[in-house]
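Please look over the sequence and the model before starting.

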Amino acid sequence: MKNQPIITTKNVNFYYGAFQALTDITMDFERNRVTALIGPSGCGKSTLLRLLNRMNDLIDQTRVEGEVLFEGRNIYEPDVDPVEIRKRIGMVFQKPNPFPKSIYNNITYAPRLAGIKSKESLDALVEDSLKQAVLWDEVKDILGRSAMTLSGGQQQRLCIARALAMKPDVLLMDEPTSALDPISTAKIEELVDELKESYTIIIVTHNMQQAARVSEYTGFFYLGKLIEFGLTEKIFTNPDIKQTEDYITGRFG
Amino acid sequence: MNEQSLMKRRYLKQRAFFLIVRLSALVITLALVGILFFLFYNGLGAISWDFLTLPPTDSMTKGGIMPAIVGTFYLTIGAIIVALPLGVASAIYLTEYAKQGKLIRVIRVAVNCLAGVPSVVFGLFGLGFFVVFLRFGSSILSGALTLGILILPTIIGASEEALKAVPQTFREASLALGVSKWATISRIVIPSAVPGILTGSILGIGRAAGETAPIMFTAAAFFTAVLPKSVFNEVMALPYHIYVLATAGTHIEQTRPIQYGTALVLIALVLGIDLVAIVIRSVIRRKKRW
């Protein structure tokens, strides 16, 4: 059963200065599905992820060609405000990056700036977001404590909760478990499984098992090109292209 | 056997280098202690309650230095008020907004050149621009503006370093939440950079309080017993007072204790203002840890 795509890239090329990092990427990301992007380091998968919420805008001398459609609208049109896009498309980074603020203020920071002022709404938002990120039980009594005192795994779930508090439609995850131990990793993977009920998730990962476990769709990238894209099951059991098979079975290089 | 003597030589070499670096550190500490001791030894005798609270009397050979204390305090605070907002704003522009390119390089070179300009040149500029052209006269305002420009490069430099030291991940985290760039800078980046900015201010304070040449033509009075009533008044200032007593008076030898006492007060005043900044900084640091 195919869902409507929420994000579509059409013939996207991306350049860092003269270096072309992505070539002709065309793919659909389906609503309420988990799509994994895999490939060796430097293959462009993180670059593509950061294109989807215009985080690459922050880097000088980059250039995008082609279209990135979010709900049918090209987010690289000149009249699109990247701030609005990022409100709808949240992001979780490779290394947990909580603010040096309390747990409570980490969650409420962006919603407050977006205009939510009442204490009750903010309290409810904190509880909801932390519950969704399966962190509530661990931190409900220490909401005033600095987020820096949490463990790495807890910090990463806090970052997920912080992203969820903006009620985005899409959650981009850039190797969210690569800095975490196996137990924390398992927790985040379970979380991804639950979150796809309400969110579209696009996850970059170096861990093949992780891609196989959490995603419905997988895209394999190599040297800035999308080599193969399809159902995860197919990619991992019966890929069409030899390069994909070599990478997945570890015979790469 | 050979192996052992090699090891021994390496060990001795290491000890020798340790000794050299340790001695270097010691020399610096000794220099500071020496200066302070010299000042205390020569100046402490002059310090009394009257010295701190009374104006000079008898052609400045007796009495206190109160007007100079007040004057230097106003000039220093004024310089900080001028330089801190301007410097921090420039640093924010340079590190956060400006696209790295030719213009930025030109601005950086300009800032560095400003830092290398001799202070007497600042004094002449202040005289020509603030005192004469803008008709501020010789006043706290002219002096504070001149000193402010003098310490601007220090503040810009320290603020830039402080802003650059804020982890890029903080900016990314905030922007990725759909927070605007300005909100990210004002809510996340600047608060994290405040301790470093304060360090720059501390250095600036020391410089502003101690300079003689920039205020000589723009703010400092040879002698005035009355305290300033507005920013358009002239004031006495500690460094200028020392300079005057030590060079221009007719009783140079006689006023030596006053000169040392004044120097001691100047150092105490600078350390006092620094202390306030240091306390603020450590309080903020304790609150913000990453």
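**Exercise 1.** Which residue in S5(A) does A:Phe70 stand opposite?

*Solution.* The model is a predicted one, in which local features need pLDDT of at least 70, side-chain atom pairs count only at pLDDT 80 or more, totals for chains, interfaces and linings use all residues, and side-chain values use heavy atoms, without hydrogens and water. Residues are numbered from 1 along each chain as its sequence is written, while chains are lettered from A and ligands numbered from 1 in the order in which they are written.

Begin with the elements: helices (H or I, at least four residues) and strands (E, at least two) are DSSP runs numbered from the N terminus, and two strands pair if DSSP finds at least two bridges between them. Strand S5 (residues 73-74) of chain A runs antiparallel to S4(A), and two bridges join them. Within this pair, A:Phe70 stands opposite A:Arg73. The hairpin of S4(A) and S5(A) has two residues between the strands, and A:Glu71 takes a positive phi near 50 degrees there.

**Exercise 2.** Trace the pairing of S1(A) with S2(A) and with S4(A).

A:Val64 is the bridge partner of A:Phe14, and A:Thr8 stands opposite A:Leu69.

**Exercise 3.** In what order do the six strands of the open sheet of chain A lie?

*Solution.* The order is S6-S7-S8-S3-S9-S10, with mixed pairing. The edges are strand S6 (89-92) and strand S10 (225-231), each of which pairs on one side only. Neighbouring strands are turned by 15 degrees against each other on average, direction ignored, where the axes are lines fitted to C-alpha atoms, for helices over the stretch in contact, and angles run from 0 to 180 degrees between N-to-C directions.

For one pair inside this order, strand S3 (residues 34-38) and strand S9 (residues 217-222) of chain A are parallel over four bridges, and A:Leu37 stands opposite A:Gly219.

**Exercise 4.** Which elements give two or more residues to the lining of the largest cavity?

*Solution.* On a 1 Å grid over the protein atoms alone, a cavity is a set of points where a 1.4 Å probe fits but cannot get out, a pocket is an open set with protein on both sides within 12 Å along at least five of seven lines, and lining residues have an atom within 4 Å of a point. Grid points are joined across faces, edges and corners, and a volume is the space filled by probe spheres set on the points.

The search finds two cavities of 30 Å³ or more, and the largest holds about 50 Å³. Its lining includes A:Met91, A:Cys159 and B:Ala173. The contributing elements are S6 and helix H6 (152-164) of chain A together with H7 of chain B, and H6(A) gives the largest share, three residues.

The largest pocket, by contrast, contains about 580 Å³ of space. Of its 25 lining residues, the closest to the centre are A:Leu58, B:Thr95, B:Glu96, B:Gln168 and B:Lys181.
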